[in-house]
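Visitor: I have a few minutes and a new structure to look at. Can you walk me through it?

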Amino acid sequence: MPEHKVGTQEEFDAAREELLAEEKELTRRSDELARKRRELPWVPVENEYSFETEAGTKSLAELFDGRSQLLIYHFMFGPTYEAGCPVCSSIADTIDPNAVHLAARDVTMLLVSRAPVERLQAYKQRMGWSLEWVSAGGTDFNRALGFTHTEEELRPFLEGEIPAAVTENAESCGTDVAGYVMEGPGLSAYALSDGTVYRTYVTTARGLEPAMAYYGLLDRTPMGRDEDGRPFWLRRRDEYQTG
């Protein structure tokens, strides 16, 4: 534990009051951004995408499962992967128990990857998730959103110094670095109205942090995320050393 300033309860209370004012302002700003997300123009999805599911081939509209809203997490599990991305797995750990609450608000939540559906279902069973997980491997669904890349597009990155975390994750997924980074994570949202599917929102990178609840909790601990200069720490939940 690093050294830190020690003060009195009175000093803590005064500093906490100042911080609370800033936290409330951030909350108000977050509410405003949420409103602006909802006001984004809806874009009709014109392509006739087909997805492989446990129950057979389904269209994008059929993935709504009778609801009017759909949230898709684009999970990094490419055709060459033997196991899902550890970071995406940590996100699915957060999403999975919340899907029932989203369903109560007319939202279907599911995962989409490019690996064969049989491989996705086997990994899902390993991780103990109940989320619907479908394969878009035969389509350009992920690529249309910028979540799948070609090796040529990635060449500048692949010819540079590869971060250790990328190499480690690629090995953990049973693929090489190129195969690993061809996939990208993301979240996309859709509405179904009068038989037409509309895309309403897309995000990636740190825009995914609401689905990484552990970071929000770590941000409130004495040492925070404590990631600078340290080895990459995230693992699949059944791979942490305990005891």
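Guide: Start with one term: two strands pair if DSSP finds at least two bridges between them. Keep in mind that this is a predicted model.

Visitor: Okay. Which residue in S8 is the bridge partner of Val 43?

Guide: That partner is Arg 199. The link belongs to strand S1, residues 43-44, and strand S8, residues 196-203. Two bridges join them, and the strands run antiparallel.

Visitor: How many bridges join S7 to S8?

Guide: Seven. S7 covers residues 186-193, and this pair also runs antiparallel. One example is Ser 188, whose bridge partner in S8 is Val 202.

Visitor: What sits between S7 and S8?

Guide: The two strands form a hairpin with two residues between them. Asp 194 in that hairpin takes a positive phi near 50°.

Visitor: Is Asp 65 buried or exposed? And what about Ala 205?

Guide: Asp 65 is at 53% relative accessibility, and exposed means over 50%, so Asp 65 counts as exposed. Ala 205 is at 55%, so it counts as exposed as well.

Visitor: New topic. Where does Lys 124 lie?

Guide: Lys 124 lies in helix H4, residues 117-127.

Visitor: Buried or exposed, that Lys 124?

Guide: Buried. The cut-off is under 20%, and Lys 124 has 9% relative accessibility, so it qualifies.

Visitor: What does Lys 124 touch?

Guide: Leaving out residues up to four places away in sequence, Lys 124 touches Glu 54, Trp 129, Ser 130, Leu 131, Glu 132 and Trp 133.

Visitor: Last one: how many residues of helix H2 are buried?

Guide: Nine of the ten, across residues 86-95, so H2 is largely enclosed by the rest of the structure. The buried ones include Pro 86, Cys 88, Ile 91 and Ile 95.

Visitor: And what do those buried residues pack against?

Guide: Several elements. Among them are S4, helix H3 (99-103) and strand S5 (107-113). H4, the helix that holds Lys 124, is another partner, as are helix H7 (164-172) and H9.

Technical notes
Residues are numbered from 1 along each chain as its sequence is written. This is a predicted model: local features need pLDDT of at least 70, side-chain atom pairs count only at pLDDT 80 or more; totals for chains, interfaces and linings use all residues. Side-chain values use heavy atoms; hydrogens and water are left out. Helices (H or I, at least four residues) and strands (E, at least two) are DSSP runs, numbered from the N terminus. Buried means under 20% relative accessible area, exposed over 50%, partly exposed in between (1.4 Å probe, protein chains only). Contact means heavy atoms within 4.5 Å.
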